[in-house]
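Hello,

Here is the structure we spoke about, with some notes to read beside it. Please open it first and then go through the points below.

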Amino acid sequence: AEASEWQRALLLQQELPKHQLKPTDVTYVSLLKAMNSANELHRSLKMLKEMRRENVAPGATAYSGVIAACGTHGKYDTAKGLLDEMRQFQVESNAVVLNAAMSAFIKCGILGDAYQIYYDMSKQQVRPDLETYNTLMQSFVQQSYWEGALHTLETIRSSTQDPDAISYTTAIDACRKGSFWQEAIHLCWEMRLQHVQPDIITFGATIAACAEGARSDGSGSWAFALKLFDEAQLEGLTMSTPCLNNALQACVIASYWESSLALASELNGSLEYVAPDLVNSNLQLAALTMSHQWKHALHLLKHNFSQRGHQIDASTYNSANIGMPEPQTELVGGQRTTGEEDTATGVQEFREYLMRTFIESDVGRKAFFSGDHVLDLHGMSLSSAKMALQLALDDAKQKPRTLLIVTGQGKHSTGEPLLKEGVASMLDKLQLHARAVAGGFYVQTWRGEHKHK
């Protein structure tokens, strides 16, 4: 059962009658544990019924494991039915089974019922334990109610319980949601004062809070992110990809590309065991374009992405366009120097490759539809949207037409200015006939009298 070999455990149970033995509640609880670990929920539910047929009354321990499995499978009605069954058969509740029910309801998205279990614990004379509070905090973070999570941490402190690593890490994540990066750092330090050792998940959450601080107020929180990253390595923790990504993101958001590239370079050194994911590659790409290292950016896009098995997505184009200069058709003030010429050539090669891949990618195919009369820019940064718009306008030179540009209402725009306003400005400069509509523009793709409103 401990090894989750439920079939072998079941065969052993079937051997019991041959030895004049009957299964007990311990037998069934062991079997249920094995089945739940193996995601055999339907067998676990059958086993509960078999227990009653064999006059072995399931207790709270048996129910708690199956209710938890219901949460994993998103079976809210089944979990609630098991709780009702416990009441029907007057099975005494305890913190373990109620915690399992709370967690199951939260996983199923039924937060109201989860909170009700917590509030009714006193009626059932069940005292909340640390897992109760941790589960409650995680539900608050899930719905971005960071105040509730931090209040629950205070409740733990004022009780007989001591916060553990899960408590602190969840509270730190709540600080990220509330953009309180200083408090996140304070909690990370407080842990050690309370003899609770932060793990890599805790460091990752704190670094993520620093990244959010750099995004929200442009503060120097990125420097604290790097310091925490170094501390995690000094303490001998095995670095995770999300933790590295959070540190990279803090530096990219703060425009400290030198630090971003230094972190990325460790993937070829001390962090060679860390497998870079698509987020990591996109952040490296952003740092390279910010630093105008076009040849390296092109090599990353052309070779490293495929070697790492990454499929280019909308975030990749947003990252690639972060440091992209506006196209220039002529040079003001004379001829370029050799260095400027090399840079211009690098930018042009990078831009051309980016446009080719954009047209061939799922992102590009999604942007152009309805017979090339609709351009959908949802989910793009302003720079990526401008690139897509320029491609659409270039194509329209062959057959002028009216184009519907979908920008959305700007609720999910990446960066400033908002997407709709940025596209409007570009259309303004091109002096195209454009009529603003809800969530976008109708544009005549041939030049004429400027009538953009």
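**What was found**

Of the 453 residues of the protein chain, 46% count as buried. Please keep in mind that this is a predicted model. The secondary structure of the chain comes to 22 helices and five strands. For contacts between residues at least 6 apart in sequence, 63% join residues that are at least 24 apart.

**Nonpolar cores**

The largest nonpolar core has 93 residues. Which of them touch the most other members? They are L48, Y63, I67, F229, M239, L244 and L263. Helix α6 (residues 95-107) supplies the largest share of this core, with nine residues.

If its neighbours within four places in sequence are left aside, I67 is in contact with A79, L82, L83, M86, V97, A100, A101 and A104.

Another core, of 41 residues, lies apart from the largest one. Its members include L288, L300, L301 and L391.

**Two helix pairs**

Two packed helices are described by the angle between their axes and the distance between the axes. Both values are given for each pair below.

The pair to look up to begin with is helix α1 (residues 6-15) and helix α2 (residues 25-37), which pack at an angle of about 160 degrees, with their axes 9 Å apart. Angles over 145 degrees count as roughly antiparallel, so α1 and α2 are roughly antiparallel to each other. Their crossing is left-handed. On the α1 side the contact is made by W6, A9, L10 and Q13, and on the α2 side by T27, Y28, L31, A34 and M35. By class, the contact of α1 with α2 has seven nonpolar residues, two polar ones and no charged ones.

The other pair is helix α11 (residues 181-193) and helix α13 (residues 221-234), whose axes come within 11 Å and cross at roughly 25 degrees. Are α11 and α13 roughly parallel or roughly antiparallel? Angles under 35 degrees count as roughly parallel, and therefore α11 is roughly parallel to α13. α11 passes α13 in a left-handed crossing. W181, I185, C188, W189 and R192 of α11 make the contact with S221, F224, L228 and E231 of α13. The residues of this contact divide into six nonpolar, one polar and two charged.

Regards

Methods. Residues are numbered from 1 along each chain as its sequence is written. This is a predicted model: local features need pLDDT of at least 70, side-chain atom pairs count only at pLDDT 80 or more; totals for chains, interfaces and linings use all residues. Side-chain values use heavy atoms; hydrogens and water are left out. Axes are lines fitted to C-alpha atoms, for helices over the stretch in contact, and angles run from 0 to 180 degrees between N-to-C directions. Helices (H or I, at least four residues) and strands (E, at least two) are DSSP runs, numbered from the N terminus. Angles under 35 degrees count as roughly parallel, over 145 as roughly antiparallel, 65 to 115 as roughly perpendicular and the rest as oblique. A crossing is left-handed if the near helix is turned anticlockwise from the far one by less than a right angle, and right-handed if clockwise. Contact means heavy atoms within 4.5 Å. Ala, Val, Leu, Ile, Met, Phe, Trp, Tyr, Cys and Pro count as nonpolar, Asp, Glu, Lys and Arg as charged, and the others, Gly among them, as polar. A nonpolar core is a set of buried Ala, Val, Leu, Ile, Met, Phe, Trp, Tyr and Cys residues joined through side-chain atoms within 4.5 Å. Buried means under 20% relative accessible area, exposed over 50%, partly exposed in between (1.4 Å probe, protein chains only).
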